[in-house]
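Hi,

Here is the structure I promised to pass on. Have a look at it first, and my notes follow below.

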Amino acid sequence: MRSHPAVLAAEAAAGKDSLRVVVVESSASVGRLPYQRKKLVLMLSAMRHYAESLCAAGYSVDYVRARDFSQGLREHVRKWKSSSLFTMASSSFQTRLLQGELSTTLGVPVTVLPNTQFLVGSFTPFPETQSGKRYLMENFYRKMRRHFSVLLEPNGDPSGGQWNYDAENRKPLPKHYKLPPPCFFHPDALTTEVMEEVEKAGHGVGKVGGFNLAVTHEQAETALQDFIENRLAEFGPYEDAMSSSDGRLHHSLLSSYVNIGLLEPLQLVRAAEQAYRAGKAPISSVEGFIRQVLGWREYIYWQYWRQMPDLRTANGWAAKRPMPAMFWNADTDMNCLHHVIRRVIDSGYSHHIERLMLICNFCMLAGIDPAEVSDWFLTFYVDAFDWVVLPNVIGMGLNADSGQTATKPYIASANYINRMSDYCGSCKYDPKQRTGPSACPFNYLYWNFLLKHEKKLRAQPRLGPAVLGLSRIPAPERHKIEQEAERYLGCLESFTGYENGTIKQQLK
Ligand SMILES: Cc1cc2nc3c(=O)[nH]c(=O)nc-3n(C[C@H](O)[C@H](O)[C@H](O)COP(=O)(O)OP(=O)(O)OC[C@H]3O[C@@H](n4cnc5c(N)ncnc54)[C@H](O)[C@@H]3O)c2cc1C
Ligand code: SF4
């Protein structure tokens, strides 16, 4: 945030001259998992650039490198004899618990201000929230649109006449489609220094080489403008499309920036709405994008706080299998997964549908333990944080939270992947075969999942038609599906894990 609430509040209370901004670089927070190296570069470089910009604006800054936040703050309070501290409420459940004890830990009054990286904190769409009750994202989103007066006509109707343009936004990418280039940045001297540091530390997955993300507010604003001018207009139709030649398509690539405070959610929403009002982008694309930011992002954050701490260990489908080794090396002959995992290892990014309908779909059908899947996402993605990974992976992707985040499991056979991508054309597997030596694993795993959970799924109205079809599968075919799924799952290599924050190369 350009205007951090804690800086504003401290300045209002004491005046700029007697305030000191403390920025803590905590080695504990970069050490729990062997995080994506590009994420480490992004976080460290953005923090150091932010500290530099505060100094340039005339603030006194104490940049502390410490084992953890508490130790860093204790050192700061002791060194500068601070009489009070202002901070913003963390988006992480665990850190917020620590913030609650900070006054006692530090021995000075600590004011924890509301988190301004999300809009749902300032407005509660469902004040009557009950634990265990299911709430629909669509209702949540409409309440947000009304409250923040987004894409509304003066009479209160939704702009364009509809609240939702999803039906127009499900096109595959046409052959030979020319995509606009993404907006990236060359590392400056400070970022290059951080890249060398992260490389030398040896910690993490992926490579620092090729780092090209925004690390300042100005660069992130340039990236937003670039998206609005060059990619928003076609965002809608191709938002669910997948392509072997490009993983970014018309997506905004802004999640990391908004998650670390280089951009604010309402800034994205207003910029897209303005493009619609100026006739630069159609309503279907603009509504589709605003639905992601004002709808999904806020809903996910709201679900995180509703469901924590139980969400972390939710496992509604009793999935126990360890994460397969291919997620660490992309070594699989399933063409779709090979491409997407390779990209995630290299860049720390894949778009929404590839996270949901390839990676989580596979993990759910294969019965992978939700905690292992969420740790994998936290490890590999540049934009990953606790508040966003747990509800998206455990709730939405794996439906392990008893359907509190999503009303149905997002599972599909190869038919969906074949329709929305070009992966199947050059795959050794046949997306049309359900069983047999060339059958796509997504097919027998999908039908095996339905058979295994038939009773539970029959109670899910939204999966009804697929489940009803099970009664038409003859007994020998059922047996074959189960046998092939068992054989495939039995051959999956497991990843044997981490050692002191680095990856042991030997695989089981
Ligand atoms: C299994 C799974 C895991 C995910 N993990 C993350 C994660 O670690 N970090 C993360 O920021 N997003 C995550 N998402 C949400 C979404 O996939 C990413 O925000 C999006 O792909 C980021 O790319 P983009 O900026 O190009 O997004 P666009 O497609 O351009 O969408 C615009 C913006 O909408 C927001 N958004 C859209 N959907 C969601 C959502 N479900 N939750 C939160 N924000 C959303 C993001 O800020 C995003 O930048 C996950 C989704 C799934 C299904
Ligand atoms: S055939 Fe199956 S494994 Fe191959 S790309 Fe298509 S969906 Fe993926």
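Let's start with ligand 2: its shell has 11 nonpolar, one polar and no charged residues. Here Ala, Val, Leu, Ile, Met, Phe, Trp, Tyr, Cys and Pro count as nonpolar, Asp, Glu, Lys and Arg as charged, and the others, Gly among them, as polar. Among the residues around ligand 2 are Met334, Asn335, Cys336, Tyr423 and Phe442, where a residue is near a molecule if one of its heavy atoms lies within 4 Å of it. Both α13 (335-347) and α17 (414-420) supply at least two residues of that shell.

Quick note on the ground rules: this is a predicted model, where local features need pLDDT of at least 70, side-chain atom pairs count only at pLDDT 80 or more, and totals for chains, interfaces and linings use all residues. Residues are numbered from 1 along each chain as its sequence is written, chains are lettered from A and ligands numbered from 1 in the order in which they are written, and side-chain values use heavy atoms, leaving out hydrogens and water.

Zooming out, the chain has 21 helices and six strands (DSSP runs numbered from the N terminus: H or I, at least four residues, for helices; E, at least two, for strands). Of its 508 residues, 56% count as buried (under 20% relative accessible area; exposed is over 50%, partly exposed in between; 1.4 Å probe, protein chains only).

Ser149 is partly exposed at 47% relative accessibility, while Ala330 is buried at 1%.

Cheers
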